[in-house]
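User: I would like to go through some side-chain packing in this model. Could we take it topic by topic?
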Amino acid sequence: MSFRKAPTRVSATIGGKEIILETGRVATQAHGSVTIQCGGTVVLVTVCSQPLDFDRGFFPLTVEYSERMYAAGRIPGSFFRREIGRPSERETLVSRLIDRPIRPLFPKGLPEDVQVLASVISSDQENESDVLSITAASAAVMLSPLPFAEAVAGGRIGRINGQFILNPTVKEMAESDLNIVFAASADALVMVEGEATFVPEDVIIDALEWGRKEIQPLVEAQVKLRELAGKAKMAFTPQEDDAALLARIEELAAGAGLEAAMRVPEKMARKDARKLVKEKIVEALKADPTYGEDEKALSSVGDIIGHIEKKVVRKRILDEGTRIDGRDTKTVRPIEIQPGILPRAHGSALFTRGETQSLCVTTLGSSTDNQRMDSLTGDVTKTFMLHYNFPPFSVGEVKPVRVSRREIGHGALAEKALKPIIPAGDGFPFTVRVVAETLESNGSSSMAAVCGGCLSLMDAGVPISDPVAGVAMGLIKEGDNFIVLTDILGDEDALGDMDFKIAGTAEGVTAVQMDIKITGLTTEIMRKAMRQAHEARLHILGEMKKAIDGPRAELSKYAPQHAEVFVNPEVIRMIIGPGGKNIKAITAATGASVDIEDSGRISIFAPTAESMEQAKELVQYYDQRPDLGKNYMGKVRKVLEIGAIVEIMPNVEALVHISQLDTSRVAQASDVAHLGEDMLVKVIEINGDRIRASRKAVLLEEQGIEWKPEDTARPARAPRGEGDRDHRGDRGDRGERRERRPRRD
């Protein structure tokens, strides 16, 4: 008897492809589970929750995305041959893509520890699993008992020959100038993350509006699946603020100077002022007979003050158009730029915008410094990397120093922004790494990494195609009234309704990222934000140009020196040597990195010009060509009846005919040539790969006798004569001797 019910399946056709959502077949003990399939790609997503033991002060949602190598018929390349362990950069980035659209849809104050796990269990290496995972995560939560506002679906937008494509294949993406991942509900976009190749802002807006409409069948499919197989939702009543307590704290906040504190322009001074206001309010409440002994009321003071601060700041922006630091809504904070600030780095720049500061450093390396990563599609190689660091001192805090998901995400966004301007191909064979150290942060530090990273590339002499700058846009929306904010502060990000990061050149966009906290974001708002961001970007690019007009004419003298050498492919094995002996010796002697291609092209990266020349000489030593008429000291490698084979150069051998071994007649080559001994010879003939040499010519020159080419001409075959008879006679004598031996019985 089976305890299992038949699985429930729904499907939707998106971009000409069928996407199937199924529940009830696997992972049935999870609180919600879904498999999603497109082509041969299948992702399993589960959600489980458990009640919190105590209020942690935040919603403990954990999202983990993992790629099982068996999904593509591969064995992990790690030592343990297991996937479980530290997630790859892609897995971390996809986990963020899933987390960002679903987190705001859980009700505030939900007392549950929630875990969402997404596992790629089949991959056809054509249909991407990341956007499928976003949809399946939403469907799994919809099926679970957890309260959830509404279904969201994920999609990817590409553009080929001016035509938008929804969920393009990996092959199609190689031809696309647009790669935007987005999540949308029935009514609005809720998340955007993507890159583009200098695409105009209006095209980005049109793509997002088109994609939101096209993805709606997947939203409807989730609603249908929920109706067919969803579990009853748990009872949850959001806690409401005590109206009397709220009124009392508002009264105390007005008296303690909260509004004045929120007008302090400097971040740390404002933080201290807000702290002082909170302390005054808490002291006043403790002295109040109504709340003095109410621990619950006292513990909620921080949240209520935050709510009041939000109202104060938003009202002032909407009514006065004045922001926390006194700027209007479109002004970019003051910018200071110092290129070349680090004397020994290959390229560096200190970019400061208001109270956000990023130290960006560019380092050039050889192809051996490429980043190689294991993935479902095979080994992936990156020649450009941008790493973003956010140390705790940048915001005046004490925390453990580790690479967080946020740092990986911000670095990936800045990398997308700069990647289109990095030179590709053989013209610039270096591996490029940019590190953005956030030294101070008050909003938009990832966009400071874009600006500073571009400046450091130019300072290093990297021939970028165009400068790139980035800016973060915010939004304050109340009803139908809204204001878009340029270059937002950290507090404006926290108190606002949108964080929209846009990077690009003067001509077009290279990267975008958007998260919103409201249910609806109209096309009108997005277009206004894009136009305002374009104006800000032009201003920032102008400031960058004042500091450094373009890439340096030459690479830093501390950057690796590069040269290419072409050799005969047949000598590659000699350059490498047995077990890599020769190439290791070259590297050890010069400190250079030597990359060898099967075609015979050898790229040499050396720390100095001197070591470069030394490395070139050592490599070319194995690919020398002899000159006609020149003497060479060689080593006898073989002794034959007709003469000797002498190695006159590495991997270059010449035949010394028996007639050319000495000035007098030589009966047997072994009388003069001995295996392994040195022999000085003259090259007398080169015919393609066949080389003839002469010891006789050298000996004649040593005796002062003029050497003539005819002296070493190949001798004509002699007629049979006495020598032949002697030779046969010797054999005959030996034969007679053998016949005279007594036969054994």
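User: To begin, are Phe 106 and Phe 148 buried or exposed?
Analyst: This is a predicted model. In it, Phe 106 is buried, and Phe 148 is buried as well.

User: How many aromatic pairs does a search of the whole structure find?
Analyst: The search finds 7 aromatic pairs. One of them is formed by Phe 106 and Phe 148, with 5.2 Å centre to centre and 65° between the planes, an edge-to-face arrangement.

User: Which parts of the chain does that pair link?
Analyst: The pair links distant parts of the chain, 42 residues apart. Phe 106 is in the loop between helix H1 (89-102) and strand E6 (112-122), whereas Phe 148 is in the loop between helix H2 (130-143) and strand E7 (153-160).

User: Why is the pair of Phe 430 and Phe 605 edge-to-face?
Analyst: The ring planes of Phe 430 and Phe 605 are at 70° and the ring centres are 5.6 Å apart, so the pair is edge-to-face. The cut-off for that class is over 60 degrees between planes.

User: And where do Phe 430 and Phe 605 sit in the chain?
Analyst: Phe 430 lies in the loop between helix H11 (405-418) and E17, and Phe 605 lies in strand E24 (residues 601-606). The two are 175 residues apart, so this pair too links distant parts of the chain.

User: What are the relative accessible areas there, for Phe 430 and for Phe 605?
Analyst: Phe 430 has a relative accessible area of 8% and is therefore buried. Phe 605 is buried too, at 4%.

User: Which residues do ring pairs link into a cluster?
Analyst: Phe 59, Phe 106 and Phe 148 are linked into a cluster by ring pairs.

User: What sits over the ring of Phe 390?
Analyst: The charged end of Arg 406 does, 4.2 Å from the centre of the Phe 390 ring.

User: Changing topic: where does Ser 444 lie?
Analyst: Ser 444 is in the loop between strand E17 (431-440) and helix H12 (445-459). Its relative accessible area is 9%, so Ser 444 is buried.

User: Which residues does Ser 444 touch, not counting residues up to four places away in sequence?
Analyst: With those left out, Ser 444 touches Arg 333, Arg 353, Thr 356, Val 471, Ala 472, Asp 487 and Ile 488. The side chains of Ser 444 and Arg 353 are also joined by a polar contact of 3.4 Å.

User: Finally, what separates the centres of domain 1 and domain 4?
Analyst: Taken over C-alpha atoms, the centres are 47 Å apart. The domain assignment places domain 1 at 8-229 and domain 4 at 561-621.

Conventions:
Residues numbered from 1 in each chain as written. Predicted model: local features only at pLDDT ≥ 70, side-chain atom pairs only at ≥ 80, totals over all residues. Heavy atoms only, no water. Helix = DSSP H or I, 4+ residues; strand = E, 2+ residues; numbered from the N terminus. Buried < 20%, exposed > 50% of the residue type's maximum accessible area, 1.4 Å probe, protein only. Polar contact = N/O pair within 3.5 Å; in protein donor to acceptor, adjacent residues only side chain to side chain. Contact = heavy atoms within 4.5 Å. Domains from an automatic or database assignment. Phe/Tyr/Trp six-rings, centres within 6.5 Å; stacked < 30°, edge-to-face > 60°. Lys NZ or Arg CZ within 6 Å of the ring centre and 35° of its normal.
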